[in-house]
Amino acid sequence: MVHTALTVTTGQLESKLIEIRHHLHQEPEISNEEFETTKKLRDWLGDLDISILDLPLKTGLVAEVSGDPKGPVVAIRGDIDALPIHEETTLPYKSRFDGKMHACGHDFHTTAVLGAAYVLKQKEHELKGTVRIIFQPAEETGPGAIDILNTHALDDVQAIFGLHNMPSLELGQLGTRIGAMSSNCDRFEIMVEGVGTHAAHPDLGVDPILVAGHILVALQSIVSRNIDWQDSAVVSICQLHSGNTWNVIPSMAQLEGTVRSLDLDIRETIKGKIKQVVEGIASAFGAKATFIWHGGSPAVMNDEKWTLFTIEKAKEVGFEVIDIKPPSSGEDFSHYQEKIPGTFVHIGTSTPYSLHHPKFEIDDRALMPSVKLLATLAEQALVDIIS
Ligand SMILES: [Zn+2]
Ligand SMILES: [Zn+2]
């Protein structure tokens with residue numbers, strides 16, 4: 001669809017990209033099922049003569065534009081998956097697939113990265129190194145970023161850049177910060193095993209509900225008594241199940257909850273304390289307890305150097321840069337940053353509904369500035385690395 005785009009003007013490129021964005025929006029595919037989206041990307045990149053790396057990925061892909069193969073390597077990343085949400089907009093290009101919707105705007109990210117690939121291809125011979133262009137599957141559910149990293153296609157990448165649209169920021173604004181740009185988002189389960197007995201004879205058993213109650217209360221002391229007051233974290237128990245009648249003390253109780261934190265050390269401290277509290281209380285009451293930790297994506301952690309670099313370039317391409325508070329949402333861009341220094345930004349779209357809302361929309365006017373930003377970041381990061 002970008003055919004003959006190698007000679008198009010900025011205005012023509014914008015209309016072509018908007019057409020592509022609407023097309024992607026109409027045919028959303030959920031995490032790990034982005035087969036047609038990947039096929040379309042292969043075609044569009046093929047039309048532009050952009051090479052695609054031969055990688056063992058089921059969906060998603062990594063492309064490459066290179067000016068100097070001996071130069072440094074940087075990467076830009078867009079995610080391509082949609083959500084299992086029934087779209088409730090009245091857009092002429094609303095989802096044609098019932099129960100599937102690009103409600104997080106990953107169609108916008110995909111198109112912005114594709115547009116940047118086009119711009120970089122146009123100036124390929126001027127590039128001081130190589131730009132890897134990531135179209136990542138399965139951001140919403142994981143493990144898209146890990147699947148990309150496991151291909152080793154990014155082993156030589158020295159800096160990485162990513163973006164997310166943000167309805168709460170105004171059009172023309174870019175939000176970012178050094179440090180945490182999302183939260184560590186973890187889930188845990190606790191199983192308390194007591195000894196069931198008659199309700200009239202608790203002395204003959206071990207009551208798991210009583211133990212679960214003590215655990216529930218004690219867990220709320222972890223943040224207030226173990227974490228520095230200037231740091232932040234949340235421990236929430238969101239499910240508590242036990243028993244099925246009024247006159248039997250059951251043998252099991254189950255709790256489930258989440259921990260949100262910004263710092264990896266704090267995350268580890270809380271994880272350790274929960275285990276200690278759970279096992280200690282269970283043992284004190286003569287019960288047994290199992291603690292299962294389901295580690296989610298760590299917090300996006302913006303590298304200082306590349307964030308300052310990004311702020312400077314964003315201003316140059318016309319964004320108003322806003323210093324934002326760390327968002328509480330999860331984002332698996334953090335997995336790249338565990339290996340590669342990089343930065344993540346929010347692009348303002350000034351639209352009324354939040355991410356993941358069935359009436360969520362994007363303002364297409366945010367597209368070309370995002371294309372320009374990604375292309376500039378990649379091109380100039382190569383210059384910065386060699387200088
Ligand atoms: Zn999302
Ligand atoms: Zn998203």
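Biologist: How far apart are the zinc ion (ligand 1) and the zinc ion (ligand 2), and which residue coordinates both?

Modeller: The two zinc ions lie 3.2 Å apart, and Cys104 is the residue that coordinates both. Before we go on, please keep in mind that this is a predicted model, in which local features need pLDDT of at least 70, side-chain atom pairs count only at pLDDT 80 or more, and totals for chains, interfaces and linings use all residues, while side-chain values use heavy atoms, without hydrogens or water. Residues are numbered from 1 along each chain as its sequence is written, and chains are lettered from A and ligands numbered from 1 in the order in which they are written.

Biologist: Why is the arrangement around the zinc ion (ligand 1) called irregular?

Modeller: This zinc ion is coordinated at 2.0 to 2.7 Å by Cys104 (SG), Glu140 (OE), Glu140 (OE) and His356 (NE2). Four donors count as tetrahedral if all angles lie between 85 and 135 degrees; four count as square planar and six as octahedral if opposite donors are over 155 degrees apart and all others between 65 and 115, and anything else is irregular. The four donor atoms here subtend angles of 53 to 149 degrees, so the arrangement is irregular. For comparison, the ideal angle for four tetrahedral donors is 109.5 degrees.

Biologist: Which parts of the chain does the pair of Cys104 and His356 tie together?

Modeller: Cys104 lies in the loop between β3 (73-79) and α3, and His356 in the loop between β16 and α10, so the pair ties together parts that are 252 residues apart in sequence. The donor spacing for the zinc ion (ligand 1) is C-x35-E-x215-H. Helices (H or I, at least four residues) and strands (E, at least two) are DSSP runs numbered from the N terminus, and this chain has 10 helices and 16 strands.

Biologist: Is Cys104 buried or exposed, and how do you know?

Modeller: Buried means under 20% relative accessible area, exposed over 50%, and partly exposed in between, with a 1.4 Å probe and protein chains only. Cys104 has 6% relative accessibility, so Cys104 counts as buried, whereas His356 is partly exposed because its relative accessible area is 36%. Elsewhere, Leu219 in helix α5 (residues 208-219) is buried because its value is 0%. Over the 387 residues of the chain, 52% count as buried.

Biologist: How many disulfides does a search of the whole structure find?

Modeller: The search finds zero disulfides, a disulfide being a pair of cysteine sulfur atoms within 2.5 Å. For Cys185 the nearest cysteine sulfur, that of Cys238, is 11 Å away, and Cys185 is in no disulfide. Cys185 is called partly exposed because its relative accessibility is 25%, and Cys238 is called exposed because its relative accessible area is 57%.

Biologist: How much space lies in the largest pocket?

Modeller: The largest pocket holds about 570 Å³. On a 1 Å grid over the protein atoms alone, a pocket is an open set of points where a 1.4 Å probe fits, with protein on both sides within 12 Å along at least five of seven lines, and lining residues have an atom within 4 Å of a point. Of the 24 lining residues, the closest to the centre are Glu139, Glu140, Gly330, Glu331 and Asp332.

Biologist: Which elements supply at least two residues each to the lining of the second largest pocket?

Modeller: These are α1 (10-26), α3 (106-122) and α10 (367-386), and α10 gives the largest share, six residues. The second largest pocket has about 200 Å³ of space, and among the residues closest to its centre are Leu13 and Met368.

Definitions and conventions. Grid points are joined across faces, edges and corners, and a volume is the space filled by probe spheres set on the points. Donors are N, O and S atoms within 2.8 Å of the metal (3.2 Å for Na, K and Ca); water is not among the atoms, so sites may look incomplete.
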